[in-house]
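Work through the exercises below with the sequence and the coordinates open. Try each task before reading its solution.

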Amino acid sequence: MTDDRAPYGTWEPASTADVVRWFAPLDGRWWVAGGVAIELAVGHRLRGHGDIDVLMLRRDQAAAQRVLAGWEWWCADPPGRLRPWAPGEVLPVGVHDIWCRPGPDEPWRVQLMLDESDGPDWTSRRDVRVRRPVRDLGARTADGTPYLVPEVQLYYKARSPRPKDETDFEAVLPVLSAPQRRWLADAITLSYGPHPWTDRLSVTPGPTA
C-alpha cells in the first residue's frame, strides 16, 4: 500500500520479512509495532497499512543507524516537523518518531519509534508510571518475528482511538489473556482515566486465552 504524505514524499511500507532481514542483527532489541503487531498477535491480516512501525528503546537508537547504514533518517521534532537525523546524533526525550528510506528518491519504508527505559524496565513515553520489564515487552511469532505485545500497543492506541484502532482492539481482544486484560485496563485508567475499553476488558476471556 502506498500513501502520499506531501510534502515529505510517498510511503511504500516494507514487508515484515524485509524488516526482519534488516533488523535481525540487533538480536532481540527491536519489535514490530503498530497495527502490524496486532496482526502478528492474532495471526492474520486485518486491514491496509500506510506504514510499518519498528519500536526500539531510546538507549539503542545508534544501532538503528548501523543496521540501516546508507539510508536517510528523518526525525520528527515536536510538534511534528521532519528534519534529517544526523549520523551519530543522540535524539533527546520528546523526539521519538523517525522516518527511514534508502535514498532521497526512494519511498519511505520504515517508521522507527523510540521508547523509554529505566534500567531493566520499559517505561511509557506518555506516562513513566506505566512500566514493565523489557523482557516482557515483546513476543515472537512461530517463525521468530518479534512484535510488541498487544496490550502495550493497545495502551498507546487507547489515548485517542480512531476507527482503525477500534478494529485492532476488537480483533485482538479474544486472544488477550486475563493478565493482559488487567494490565491494559490498569494502564489505561492510570494514564487516561475512564475509558470505553475498560468495561470490555473486564469480561473474562474464554478458554483460548
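The exercises cover cysteines, strands, aromatic rings and charged pairs.

The model is predicted, so local features need pLDDT of at least 70, side-chain atom pairs count only at pLDDT 80 or more, and totals for chains, interfaces and linings use all residues. Residues are numbered from 1 along each chain as its sequence is written, and side-chain values use heavy atoms, with hydrogens and water left out.

**Exercise 1. The partners of β5**

Find which strands pair with β5, and in which sense.

Solution. 
- Step 1: Helices (H or I, at least four residues) and strands (E, at least two) are DSSP runs, numbered from the N terminus. Two strands pair if DSSP finds at least two bridges between them.
- Step 2: take β7. Strand β5 (residues 72-77) runs antiparallel to strand β7 (residues 97-101), with four bridges between them. Trp-73 sits opposite Cys-100 of β7.
- Step 3: take β6. Strand β6 (residues 81-84) is antiparallel to β5, again over four bridges. Here Cys-75 faces Arg-83 of β6.
- Step 4: inspect the turn. β5 and β6 make a hairpin with three residues between them. Gly-80, in that turn, has a positive phi of about 135°.

**Exercise 2. Aromatic pairs**

Count the aromatic pairs, then classify Trp-74 with Trp-108 and Trp-122 with Trp-183.

Solution. 
- Step 1: set the rule. Rings of Phe, Tyr and Trp (its six-membered ring) pair if their centres lie within 6.5 Å; planes under 30 degrees apart count as stacked, over 60 as edge-to-face and the rest as tilted.
- Step 2: count. The rule gives 12 aromatic pairs.
- Step 3: classify Trp-74 and Trp-108. Their ring centres are 6.4 Å apart and their planes meet at 80°, so this pair is edge-to-face. Trp-74 is in strand β5 and Trp-108 in the loop between β7 and β8 (110-118), 34 residues apart. Trp-74 is partly exposed at 23%, whereas Trp-108 is buried at 1%.
- Step 4: classify Trp-122 and Trp-183. With centres 6.3 Å apart and planes at 45°, the pair is tilted. Trp-122 belongs to strand β9 (residues 121-123) and Trp-183 to helix α6 (residues 178-192), so the contact ties parts 61 residues apart in sequence. Trp-122 is buried at 0%. Trp-183 is buried at 18%.
- Step 5: follow the links. Ring pairs join Tyr-8, Trp-11, Trp-74, Trp-99 and Trp-108 into a cluster.

**Exercise 3. Charges over rings**

Identify the rings under Arg-101 and Arg-125.

Solution. 
- Step 1: state the test. A charge sits over a ring if NZ of Lys or CZ of Arg is within 6 Å of the ring centre and within 35 degrees of the ring normal.
- Step 2: apply the test. Arg-101 lies over the face of Trp-108, 4.0 Å from the ring centre. Arg-125 has its charged end over the ring of Tyr-156, 4.3 Å from the centre.

**Exercise 4. Salt bridges**

Solution. 
- Step 1: define the contact. A salt bridge is a side-chain nitrogen of Lys or Arg within 4 Å of a carboxyl oxygen of Asp or Glu.
- Step 2: take Arg-83. Arg-83 is buried at 16%, and Glu-89 is partly exposed at 25%.
- Step 3: find a network. Salt bridges connect Arg-47, Lys-157, Arg-162, Asp-165 and Asp-168.

Conventions
Buried < 20%, exposed > 50% of the residue type's maximum accessible area, 1.4 Å probe, protein only.
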